Amino acid sequence: MIPQTVRKIALCLLVLASGPLWATKGKAPSVSIADCIGMTILVDPGYFLGLPSSGRTATFSPDGKRFTVVLRKGDITRNLNVYSLLFFETEHPTTPQNHLVLELTSSSNRDAISQIKWLSDNRTVAFVGNSGTSSTQVFTYDPRHHRLRRITDHRTAISSFGISGNAETTVFTAEEPLSQANTSALPGRAIAPNEQLYELLSGHKDPDAEGNVELYIKRRSRPEIPVRMTDRTFDEGDFRISVSPDGKHAVVPVWVVTLPKGWEEYEEKLLAFYVREKRLPLSPSRVLRCNLINTLTGEVRPLIDAPLSWSSRGVAWTSNQTITVRDTYLPLNGSPSENESRKKQTFDVEVNLDNGQIKTLHDEAPAEKQTPLDVHIEEDFQHPPKLVAIDRNTKAVTVLEELNPQLSKLQLGRVEELVWHDPGGEEVEGGLTYPSDYQPGQRYPLVIQTHGFNRNRFTLDGPWSSAFAAQPLASKGFFVLQAAVWNGTAKTKRTHTPEEGPFEMATYENAINELDRRGLVNPSQVGIIGFSRTVFTVGYTLTHSKFKFGAAILADGFDGSYVQYLMYQRMRVELEAIYGGTPYGPARDQWIQAAPGFSVERVSAPVMLIALGKSSLLKSWEWYSGLSRTQKPVDLIYLPDAPHLLIKPSERAYAQQAVVDWFCFWLGSEASKNSITADEKARWLSLRSGNSSN
C-alpha cells in the first residue's frame, strides 16, 4: 500500500504541472453535452459509483509482470460506447508496444469489456463482454496472437463470472429469460403474494430488483449445468464470483432469503434495519453472505454463516483449500466477550475448506501478492483524470496516459469547494461550478444537483449522467452546486427517519442563503434536481419549503409516495420508518402531512419528471397525475429502455439536453435558450400560459 503522504505529494506534483483547465485564457468553445459523453473514463463498477480508483484501476497478471486497464468513451455520432483494453509491461509501462491491444464497441447498456481476470499462463485474460455480433458472454483474449475466443454460449446475457486459472471451469450468472405468456388451459390464475405489479403488467422482472439472475457451472467442451440456490445471487459492485485455482470450488455473494433469528443481535444500524424488515415469503433480503459451491457436485452451503459487509473488498484464494474473506461478520458462537466484539464490527479472516476453521487475521495483512506498481487515476474536482503509476520502491511517479487532452481546448467554468452548514451546525461540502463567462459583481441563476460531490473526482456533468449537466449549464450562464452524498453523522442518523425530509430541505435552503449572502446568485432564479434517493428529499422540499423555487427536475427515484408503497414491496420498510408506520393505522396523519404526493397543490415550481424505463414510469405517475390534476406546470419525458444510470450516448444526450433546456427556459437569459427545440418551446409555453392539455 502506498502511504497517503506519498500519494498526496505525487498529486501535488501533478497538480503543479497542470493547473485547472479554466485557468487557460482566451476564447474557446464552451462545454457541450457531446463533450461530456466523449470523456474517457475508467471501466470499473466501484469507480463508476464514486469509489476511489486505487486498487481497482489495473489488473495484474499472477506473476506481476503485466497489467491491464480498461477505458471507455462515448461516440455520440455512432451511438456507441468504445471500450479499450490496454496492456502494459510492469518494468517498462511507457514503451511504445504497450497500451491499446483490443477495442470493442457496445450499442447496449452492457459493457463491451469488463471484469478482467488473468489466466495462470500470465499472458491470457478472460472477461465479460461482446464482440459486436453476440450477446454478452465470457471471452478470453491472447494479445500476443491477437486471439479472441468466446468460451460461453448462453441464451441470455452473462452478468458476472469466475474462472479457474487454466480456463477449464467457469462459473457465471446470467439474466433470467423473459417470462412467457400464460400457457395454462385456464383463462386466468391467482396472483401469488410476492408478485409485483410492474412484473405483472410488463411480463418480465423489474430491472431494478435484485437477484434477477441464474447461476451456472461450465466446464470446457461440456454443457453448462444450472446451480439451484434458495438465496439470490448478488451480481453487482466489486465482489463477484471467485473460483479456486483448481476449479473445484467457487465462492458466490448472495442476498440471503431466510435470515437466521440470531442475526438480529448484530448492532450496525443499517444491517439491523434490514435483518428486522418484514418481507414477503421467498423474497430476498438486503443482507449479504458468501455461499460456497462445490463445482463437481453442485452442493451449496454458507462459507461463513454470518452477514457480509456491503463494502466488502471481496475474497482471495491462498490455496485450493484456503480463502481469505475481507470485511465479514463472524458467527455469534464464541465466548460472551468474543460475541460482543463480533456484534459490532467486521473482520478479515482466512477459511479452511477442509475443516471449516476460521482464522481471524488481526493485524496480519491478507495473504496476497503486493504489486510492484500502484496504478490509479490521479484527479480531483479541479483537475481532469490521468492514468498514473507509482513505483512502490522508488516512489517515482509516471504518467501513463492523459485520458482527456481535448478538454484543454474548451472553456470550462471554474469549480470551487463550497462549505456551508446543515440545521445541526455540521459542515456540508459541495462543488460550486461558476458560469463559464462569470463576471464579478453580477448575480446569476443557480441549479442545485443534490448529491454526489466528491472532491477527489473530476466530472463535466456530475457523478452520473442521468439528470446532471453541470458544465453545460455553466456554459449557459448558471452557477451549479453539486452537493455531497453524506455530510457526516448528522445526515446518516436521520436517514430512514421522519427527520430525513425536513433536514435535507433546511440544508438546501441554507446553501441558497449562503450563496445569496456572498452576492453570487439571484434567489428568485433557483432550480433544483432530485435524482434517485434525493427525489424524495427534493419532492419534500418542493411541497413543504417556504422558499419559492423557479424550476425543478425529479428523475427516476424513491419519492416517498403512497403509490410506490403500494407497488414496490422492497420500499415498504423504508417508507414505514420515515412516516412512523403503515398508512392504515395511527401513522395515517403523518403520511398525509409529510408524504410529498399528498401535497402537490403546494408546488409552485414548474416540474420536469424524467422516467428511465417502464418501472420508472410507474414510479413517476403519482407526481405527474397529481400536478396535472391541480393544474401545475409539469412535463414528463420517458426513455422506455433506459437504466437508472444512463450508458447509451443517445439516451444520455436526450436526457441531459432536456435538463439544460428546461432550466434555460424557466430561469435562463434569452441568449441561453438557443438550444431549445421547437417542440420543447411549444410544450413549455403552453405550460407557462396554463393551457396545457395534461
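Tutor: Two strands pair if DSSP finds at least two bridges between them; the strands themselves are DSSP runs (E, at least two residues), helices are H or I runs of at least four, and both are numbered from the N terminus. Keep in mind that this is a predicted model, where local features need pLDDT of at least 70, side-chain atom pairs count only at pLDDT 80 or more, and totals for chains, interfaces and linings use all residues. Residues are numbered from 1 along each chain as its sequence is written, and side-chain values use heavy atoms, with hydrogens and water left out.

Let's start with a hairpin. Strand β23 (residues 373–380) connects to β24 through 2 residues. The pair is antiparallel, with 7 bridges between β23 and β24 (residues 383–391); in one of them, Asp374 has Ile390 of β24 as its partner. All 8 of the 8 residues of β23 are buried, so the rest of the structure largely encloses it (buried is under 20% relative accessible area, exposed over 50%, partly exposed in between, with a 1.4 Å probe and protein chains only).

Now for an open sheet. Its 8 strands run in the order β26-β27-β29-β28-β30-β31-β32-β33, and the pairing is mixed. β26 (415–421) and β33 are the edges, each with a single partner strand, so one side of each has no neighbour in the sheet. From one strand to the next, the twist averages 20 degrees (axes are lines fitted to C-alpha atoms, for helices over the stretch in contact, and angles run from 0 to 180 degrees between N-to-C directions). Inside the sheet, β28 (residues 444–453) and β30 (residues 521–532) run parallel and share 5 bridges, and Tyr444 finds its bridge partner in Val521 of β30.

Helix α14 lies across β31, β32 and β33, at about 160 degrees to β32.

α14 itself covers residues 614–629: its 16 residues reach 22 Å from first C-alpha to last, close to the 22 Å expected (1.5 Å times one less than the number of residues). Along the way α14 bends by about 45 degrees at Ser620, an angle taken between axes fitted to the seven residues ending there and the seven starting there. Ser620 is also one of the helix's buried residues, which include Trp623, Tyr624 and Leu627. Among the elements covering the buried residues of α14 are α4 (197–202), α10 (534–544), β31 (551–557), β32 (607–612) and β33 (634–639). After the helix comes Gln631, with a positive phi near 60 degrees.

Compare a sheet of 4 strands, open and antiparallel, ordered β6-β7-β8-β9. Its edge strands, β6 (113–118) and β9 (147–150), each pair on one side only. Neighbours there are turned by 25 degrees against each other on average, direction ignored. Between β6 and β7 (residues 125–129) there are 4 bridges, antiparallel, and Lys117 stands opposite Ala126 in β7.

Notes: Contact means heavy atoms within 4.5 Å.
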